[in-house]
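Please walk me through this fold, strand by strand.

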Amino acid sequence: MRPPLTWLYVPADRPDRVARALDSDADVVIVDLEDAVAPARKDEARAAAARLLAGADRPTQLRINHPDTPWHAGDLAALAGLPAAVGARLPKVESPDQVRDLAARLPGRPLHPLLESALGVERAFEIAAASPAVASLGLGEADLSSDLRADGDAALAWARGRTVVAARAAGLPPPAMSVYPRVGDPEGLAASCAAGRALGFCGRAAIHPAQLPVIRAAFLPTPDEVDRARTVLARVAEAADAGVGAIALPDGTFLDRAMLDRARATLALADR
């Protein structure tokens, strides 16, 4: 399967927007029952989400409310009635026990924990490795910034790197970046994506469909990257045919397993 590059958040209490999101070209649609929905509309939103996701034939996730809220049990009941492929996006995760509890309550369902506090970031690897049901690890930067009482990219740099390392150490895919809140700033979005890509993120969540093509363009490999990846794989094949152990690229760089894996990942992204 082609790795996803775009995730589109949509509030569950706006069925018209959910329907449009499901028809969009986002790789994954995240129907939100949490921050995007006012308390008075939680029950209505949950019912709408259950109805719309029941027949969805594309990758989807449902962001549920935290276990400490009065809506959590209803969210789990709604998820239980949905196809197992609908992932559960878990907000404000701070312990591996929270993940394991939800894995037991939602058997067979992919879990996507979000780190949105200092404690969650500190326990990033424990959370990422808490259960085989964990399918990805994400960072919620708005809530994290509030918890840290900090602003700007400099304050988030360590948490971003920590999330990337924890995900990869746990054998998960590279994480997607958190949303970019300024919808009318495509240049800023592109620059932010480039910085995140350099840190090891792959793809990004969006809050508006207009952000999707900017994100996709930022994370697709360049022609030079594709050519280099093909050269890496070609050299490996040539060396195998010749029975050669040490393999080098034309520029003298010796290949190792990590470079081979990265070349394959690059070509997987390019095949879109």
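**From the sheet outward**

Strand β2 (residues 28-32) is mostly covered, with five of its five residues buried. Buried means under 20% relative accessible area, exposed means over 50%, and partly exposed lies in between (1.4 Å probe, protein chains only). Helices (H or I, at least four residues) and strands (E, at least two) are DSSP runs, numbered from the N terminus. This is a predicted model, in which local features need pLDDT of at least 70, side-chain atom pairs count only at pLDDT 80 or more, and totals for chains, interfaces and linings use all residues. Residues are numbered from 1 along each chain as its sequence is written, and side-chain values use heavy atoms, with hydrogens and water left out.

Stay with β2 for a moment. In a regular strand the side chains alternate between the two faces of the sheet. On one side of β2 are Val28, Ile30 and Asp32. On the other are Val29 and Val31.

Now widen the view. The sheet is open and has seven strands, in the order β6-β5-β4-β3-β2-β1-β7, with parallel pairing. Two strands pair if DSSP finds at least two bridges between them. Edge positions belong to β6 (138-139) and β7 (204-206). Each has a single partner strand, so one side of each lacks a neighbour in the sheet.

Next, follow the chain. Strand β1 (residues 6-11) runs parallel to β2, and five bridges join them. Trp7 stands opposite Val28 in β2. Between these strands the chain passes through helix α1 (residues 15-22), and this β-α-β crossover is right-handed. A crossover is right-handed if, with the strands pointing away from the viewer, the path from the first strand over the helix to the second runs clockwise.

The next unit is β2, helix α2 (residues 42-54) and β3, again a β-α-β unit that is right-handed. Four bridges join β2 to β3, and the two run parallel. Ile30 stands opposite Gln61 in β3. Thr60 lies in strand β3. It is buried, at 6% relative accessibility. Leaving aside neighbours within four places in sequence, the contacts of Thr60 include Val28, Val29, Val86 and Gly87. Contact means heavy atoms within 4.5 Å.

Strand β3 (residues 60-63) is joined to β4 by three bridges, in parallel. Arg63 has Arg89 in β4 as its bridge partner. The chain crosses between these strands through helix α3 (residues 72-80), and the crossover is right-handed. In strand β4 (residues 87-90), Gly87 and Arg89 point one way and Ala88 and Leu90 the other, and all are buried.

β4 and β5 pair in the parallel sense over three bridges. The partner of Ala88 in β5 is Leu111. Strand β5 (residues 111-115) is then joined to β6 by two bridges, running parallel. There Leu115 stands opposite Leu139.

A nonpolar core is a set of buried Ala, Val, Leu, Ile, Met, Phe, Trp, Tyr and Cys residues joined through side-chain atoms within 4.5 Å. The largest one here has 57 residues, and those with the most contacts inside it are Val31, Leu62, Leu79, Leu111 and Leu137. Helix α8 (residues 153-169) gives the largest share of this core, five residues. A second, separate core has seven residues, among them Tyr9, Val28, Leu114 and Ala205.

Two loop residues deserve a look. Most residues other than glycine have a negative phi, and most peptide bonds are trans. Lys92 is not a glycine, yet has a positive phi of about 55°. Lys92 lies in the loop between β4 and α4. It counts as partly exposed, at 26% relative accessibility. Arg149 also has a positive phi, near 55°. Its place is the loop between α7 (141-148) and α8. Arg149 is exposed, with a relative accessible area of 79%.

The charged end of Lys42 sits over the ring of Trp71, 4.9 Å from its centre. A charge sits over a ring if NZ of Lys or CZ of Arg is within 6 Å of the ring centre and within 35 degrees of the ring normal.
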